[in-house]
Number of protein chains: 2
Amino acid sequence: MAKFYSVGVGAGDGSYITLGALRALEQADIIAVPVKKYGEKSTALEIIRKEFDTDKKEISELEFRMSGDTKVREESRRNSSEKIISALKDGKDVAMITLGDVSVYSTCTYVHNAVKNAGFELEIIPGITSFCAAADKAQISLCEGNESVAIIPSLKSNLLEKYIADFDTVVIMKSGNDTDVISDILKKYGLENNAIVSSCIGMENEVIEKIQKGKSYGYFTTVIVRK
Amino acid sequence: MAKFYSVGVGAGDGSYITLGALRALEQADIIAVPVKKYGEKSTALEIIRKEFDTDKKEISELEFRMSGDTKVREESRRNSSEKIISALKDGKDVAMITLGDVSVYSTCTYVHNAVKNAGFELEIIPGITSFCAAADKAQISLCEGNESVAIIPSLKSNLLEKYIADFDTVVIMKSGNDTDVISDILKKYGLENNAIVSSCIGMENEVIEKIQKGKSYGYFTTVIVRK
């Protein structure tokens with residue numbers, strides 16, 4: 001029976017691809033590539049192309065709309081899942097690629113459930129998360145000894161204040177447009193020199209630096225506050 | 001000038017090794033292997049041996065004592081760092097391997113500082129963390145949409161109660177002997193079916209299952225509580 005692989009390709013650099021991910025790509029007949037809109041560039045596809053010859057595989061775009069309209073989002077998820085299940089029914093192994101790790105803020109859950117409900121085998125291949133890649137590139141620890149870490153999906157200022165009191169490290173994902181607010185909060189607690197901004201890791205426009213007020217960063221931005 | 005690589009090899013399975021890790025191992029003249037006591041088995045070394053021919057490299061054990069005596073711990077760290085720096089001074093590239101990711105509860109910081117202070121270049125290669133591997137094997141998400149995650153180093157029951165109130169997911173590392181206490185706390189909140197225990201991922205004695213009261217697990221155990 002055909003198999004579905006959900007593959008984390010890591011945080012932006014081809015060197016983060018795992019041997020397990022490469023093997024799943026080799027095994028697959030179809031590489032499914034999530035895009036926000038058909039025809040749009042896929043960062044995950046660019047990453048695997050650095051290390052894997054995609055020409056020998058069929059590439060299938062899966063549209064996952066980011067619309068505020070729930071119906072639009074759900075319809076695109078349903079269409080993408082049906083596309084995958086149809087290929088699996090044709091006996092083709094499918095590997096869907098996603099940035100970072102599959103368990104961390106990826107939109108794969110809907111597809112996983114649909115694939116399992118249709119009776120096909122699912123294997124999830126882990127990937128390097130952006131916060132691990134960022135900490136390692138910045139040569140800081142996320143946690144040592146008895147320390148704790150909070151990971152939040154974007155800035156909610158009241159949560160940041162609460163969590164920097166409770167935790168040794170706070171990771172704020174997708175925070176590219178919030179660096180001014182984050183800077184102000186950190187200054188209030190004397191932590192203005194304790195935050196690393198990382199953006200587009202492993203890509204041409206990679207940024208890893210101490211947070212700077214007045215600077216805006218892109219979508220793939222993670223801030224690590226380390227007390 | 002010789003270079004020092006700190007290499008995360010992932011959570012227990014050779015398939016989690018990244019291309020970057022393999023390249024660092026290829027580049028290195030010496031593979032440095034942290035052990036709790038000289039001559040002891042190294043899980044990290046066993047993992048890379050599944051995918052990399054270590055016979056062509058010099059293997060150097062580094063003792064990191066887990067003694068309660070700070071002086072004993074510090075002395076072993078100092079000795080290990082001196083061993084690495086001595087090899088770097090001889091012009092040899094050294095790759096130190098560690099389980100999981102280098103930024104998450106690894107004992108590498110001391111060595112990194114020593115290597116940098118001695119003027120040598122340091123590169124950290126990320127690895128798959130146990131909590132990502134566990135979530136992916138259990139086919140659950142750690143976080144979706146607007147959810148937050150807390151990672152704590154071991155069970156402190158008051159913190160678990162606090163954090164399961166505040167977070168969608170709580171990851172409790174090194175919790176193999178605390179599963180009874182964790183079970184009791186979860187029952188109090190009606191969450192007794194919401195915890196996955198993972199132990200020795202990718203190894204022969206791998207366990208991934210719902211938490212069971214009365215069962216004890218090994219050192220490499222992570223509990224994921226998902227509300």
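This is a predicted model: local features need pLDDT of at least 70, side-chain atom pairs count only at pLDDT 80 or more; totals for chains, interfaces and linings use all residues.
A residue counts as buried when its relative accessible area is under 20%, and as exposed when that area is over 50%. I start with that cut-off because the word "buried" comes up throughout this talk, and the cut-off for it is under 20%.

Let me begin with chain A as a whole. Chain A has seven helices and 10 strands. Its radius of gyration is 19 Å, close to the 17 Å that the globule rule gives for 227 residues, so chain A is as compact as a globular protein of that length. If you draw a box along the principal axes, the C-alpha atoms of chain A fill roughly 60 × 35 × 35 Å.

How much of chain A is buried? Of the 227 residues, 56% are buried.

Next, the aromatic rings. A pair of aromatic rings is described by the distance of the centres and the angle of the planes. Over all chains, the count comes to five aromatic pairs. One of them is A:Tyr163 with B:Phe167: the ring centres are 4.6 Å apart and the planes are at 25°, so this pair is stacked. The cut-off used there is that planes under 30 degrees apart count as stacked.

Where do these two residues sit? A:Tyr163 is in helix α6 of chain A, residues 157–166, while B:Phe167 is in the loop between α6 and β7 of chain B, so the pair joins two chains. Both A:Tyr163 and B:Phe167 are buried.

Now look at A:Phe167 and B:Tyr163. They also form a stacked aromatic pair, with 4.6 Å from centre to centre and 25° between the planes. Here A:Phe167 lies in the loop between α6 and β7 of chain A and B:Tyr163 in helix α6 of chain B, so this pair too joins two chains. A:Phe167 and B:Tyr163 are both buried. Put together, A:Tyr163, A:Phe167, B:Tyr163 and B:Phe167 form one aromatic cluster.

Let us move to helix α5 of chain A and what comes after it. Which residues of α5(A) are buried? They include A:Phe131, A:Cys132, A:Ala133, A:Ala134, A:Ala135 and A:Asp136. The helix is followed by A:Gln139. This residue has a positive phi of about 55° although it is not a glycine. A:Gln139 lies in the loop between α5 and β6 of chain A, and it is partly exposed, with a relative accessible area of 27%.

The loop between α5 and β6 of chain A also holds A:Gly145. Is A:Gly145 buried or exposed? It is exposed, at a relative accessible area of 56%. Leaving out residues up to four places away in sequence, A:Gly145 touches B:Tyr105 and B:Pro153. From A:Gly145 to A:Gly8 the separation is 137 residues in sequence and 28 Å in space, C-alpha to C-alpha.

B:Ser198 has 2% relative accessibility, so it counts as buried. Not counting residues up to four places away in sequence, B:Ser198 touches several residues, among them B:Ala134, B:Val207 and B:Phe220.

In chain A, the loop between β8 and β9 holds A:Cys200. Its phi is near 50°, a positive value in a residue other than glycine. At 11% relative accessibility, A:Cys200 counts as buried.

Last, A:Gln212, which is in the loop between β9 and β10 of chain A. What does A:Gln212 touch, leaving aside its neighbours within four places in sequence? It is in contact with A:Ser183 and A:Tyr217. A:Gln212 has 37% relative accessibility, so it counts as partly exposed. A:Gln212 and A:Thr43 are 169 residues apart in sequence and 26 Å apart in space, C-alpha to C-alpha.

That is the end of my part.

Conventions
Residues are numbered from 1 along each chain as its sequence is written. Chains are lettered from A and ligands numbered from 1 in the order in which they are written. Side-chain values use heavy atoms; hydrogens and water are left out. Helices (H or I, at least four residues) and strands (E, at least two) are DSSP runs, numbered from the N terminus. The radius of gyration is taken over C-alpha atoms; the globule rule is 2.2 Å times the number of residues to the power 0.38. Buried means under 20% relative accessible area, exposed over 50%, partly exposed in between (1.4 Å probe, protein chains only). Rings of Phe, Tyr and Trp (its six-membered ring) pair if their centres lie within 6.5 Å; planes under 30 degrees apart count as stacked, over 60 as edge-to-face and the rest as tilted. Contact means heavy atoms within 4.5 Å.
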